[in-house]
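Subject: Handover of a structure and its findings

Dear colleague,

Please find below the structure that I am handing over to you. I would be grateful if you could read the notes that follow with the structure open beside them.

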Amino acid sequence: MSDKQNGNTHKDTSSEPPLLEVRDLRTYFFTREGTVKAVDGVSFAVQRGEIRGIVGESGCGKSMTALSILRLVDKPGRIVSGEVCFKGEDLLEKSAQEMTKVRGEQISMIFQEPKSSLNPVFRVGTQLVEVLKVHHVAKRKANELRAVELLREVGIPDPERRVSNYPHEMSGGMAQRVMIAMGMALAPDLLIADEPTTALDVTIQAQVLDLIRRLRDEHGMAVMLITHDMGVVAEMADIVTVMYAGTAVEEAATEPLFDEPLHPYTQGLIASIPVMGQIKERLDVIPGNVPNLIDMPPGCRFAPRCRARVEHGLTRCEVEEPHMIEARPGHFVRCWLYEDGGEDNA
Ligand SMILES: Nc1ncnc2c1ncn2[C@@H]1O[C@H](COP(=O)(O)OP(=O)(O)O)[C@@H](O)[C@H]1O
Ligand code: SF4
Ligand SMILES: [Mg+2]
């Protein structure tokens with residue numbers, strides 16, 4: 001599905017089979033109040049060496065998509081259908097033991113709160129050595145040296161000293177670098193970064209994003225970058241999936257997505273990117289909230305918030321869910337404005 005036109009520098013691998021292919025993934029939570037359709041038919045692919053942005057407001061199902069890929073969804077949540085093909089094998093078919101190996105060696109994940117992911121009672125070097133030890137049969141001394149090297153690689157100054165720090169002795173930015181070092185320790189093919197910079201100051205945010213990009217460039221690992229921030233996506237991603245209420249609503253290479261966003265939701269997200277020196281009222285751009293995922297509207301999930309629907313007098317939006325269609329070459333959208341001749345068909 002990916003078609004690179006945005007001129008980013010990484011190797012064009014669009015003709016190769018994808019590293020990761022998620023097909024029609026559904027993850028529901030079975031609660032007393034009803035079934036929460038957190039992920040409800042999401043499909044996308046990640047090519048080797050590519051940065052795939054997954055963007056959408058809070059509660060759209062981004063994290064649950066990531067956790068589903070790694071089979072880390074807790075009860076009452078359950079993956080009810082779909083496929084997660086990684087290097088041609090469906091991860092949903094693998095045993096728990098096989099998944100532990102995949103998580104350790106092939107797919108790493110980093111989260112928003114680096115400090116809560118680190119163990120507060122162990123020195124960061126010890127935690128890095130533990131990661132190396134579990135998966136490699138190397139001598140203790142070699143692992144310790146490697147831990148220092150990893151800290152150096154993620155840009156931690158004075159790594160020989162820092163390796164003895166406890167997490168509380170580090171800033172949020174340094175702790176996130178340590179998390180990235182742990183994620184990189186086993187040279188994974190895919191790094192899933194879920195809001196990796198959301199908890200950090202703006203300057204530190206830029207440094208951590210630079211680091212992720214540099215590691216991609218140097219090691220050729222693919223990155224699935226999850227964020228609510230369109231600015232981060234514009235800066236980082238080669239190709240973007242926009243999610244809304246548990247489903248993908250638009251997909252395109254970054255440049256065409258920002259040049260000509262097709263979905264009214266994407267248009268709203270882009271319009272709400274703060275411009276330097278200018279404060280925009282986000283709520284003014286996309287009024288309303290993500291719908292209750294227990295009680296989804298029957299037609300287009302964005303219909304209650306969509307101005308385009310009203311402006312174009314579309315009636316089917318509230319009745320029938322639109323399909324994901326290729327509206328431009330390599331540019332996919334789920335909106336009746338582009339289907340069956342669009343508004344003529346209303
Ligand atoms: N334990 C849970 N029980 C019920 N619903 C849940 C649970 N965890 C997450 N959800 C639902 O899944 C939806 C998607 O969550 P999430 O993937 O974390 O969104 P995002 O990462 O995009 O902010 C949320 O709207 C939430 O209501
Ligand atoms: S299908 Fe209709 S309601 Fe949904 S985004 Fe398109 S125009 Fe708006
Ligand atoms: Mg999240």
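The notes below begin with conventions and then go through the findings by region.

This is a predicted model, in which local features need pLDDT of at least 70 and side-chain atom pairs count only at pLDDT 80 or more, while totals for chains, interfaces and linings use all residues. Residues are numbered from 1 along each chain as its sequence is written, chains are lettered from A and ligands numbered from 1 in the order in which they are written, and side-chain values use heavy atoms, with hydrogens and water left out.

The sheet

An open sheet of eight strands runs in the order β6-β7-β8-β3-β9-β10-β12-β11, with mixed pairing. Its edge strands, β6 (107-110) and β11 (324-328), each pair on one side only. On average, neighbouring strands of this sheet are turned by 20 degrees against each other, direction ignored. Here strands (E, at least two residues) and helices (H or I, at least four residues) are DSSP runs numbered from the N terminus, and two strands pair if DSSP finds at least two bridges between them. Axes are lines fitted to C-alpha atoms, for helices over the stretch in contact, and angles run from 0 to 180 degrees between N-to-C directions.

Strand β10 and its partners

Strand β10 (residues 247-253) has seven of its seven residues buried, so it is largely enclosed by the rest of the structure. Buried means under 20% relative accessible area, exposed over 50%, and partly exposed in between, with a 1.4 Å probe and protein chains only. Strand β9 (residues 239-244) pairs with β10 in the antiparallel sense over six bridges. Across this pairing V240 stands opposite A252, and V242 has E250 as its bridge partner. The hairpin of β9 and β10 has two residues between the strands, and A245 takes a positive phi near 50 degrees there. β10 also pairs in the antiparallel sense with strand β12 (residues 331-334), over two bridges, and E251 stands opposite F332 in β12.

Other buried parts

V223 belongs to strand β8 (residues 222-227) and counts as buried, at 1% relative accessibility. Helix α11 (residues 264-271) is mostly covered, with six of its eight residues buried; among them are Y265, L269 and I270.

Ligand 2 has 13 residues around it, of which C300, C306, C317, C335 and W336 come nearest; a residue is near a molecule or strand if one of its heavy atoms lies within 4 Å of it. This shell divides into 11 nonpolar residues, one polar and one charged. Ala, Val, Leu, Ile, Met, Phe, Trp, Tyr, Cys and Pro count as nonpolar, Asp, Glu, Lys and Arg as charged, and the others, Gly among them, as polar.

Backbone exceptions

Most residues other than glycine have a negative phi, and most peptide bonds are trans. Against that background, D24 has a positive phi of about 50 degrees. D24 lies in strand β1 (residues 20-31) and is partly exposed, with a relative accessible area of 35%. Phi of D158 is also positive, near 55 degrees. D158 is in the loop between α5 (140-153) and α6 (159-162) and counts as partly exposed at 38% relative accessibility. A cis peptide bond with an omega of about 5 degrees joins K75 and P76, and P76 is placed in the loop between α1 (62-69) and β4 (77-86).

With kind regards
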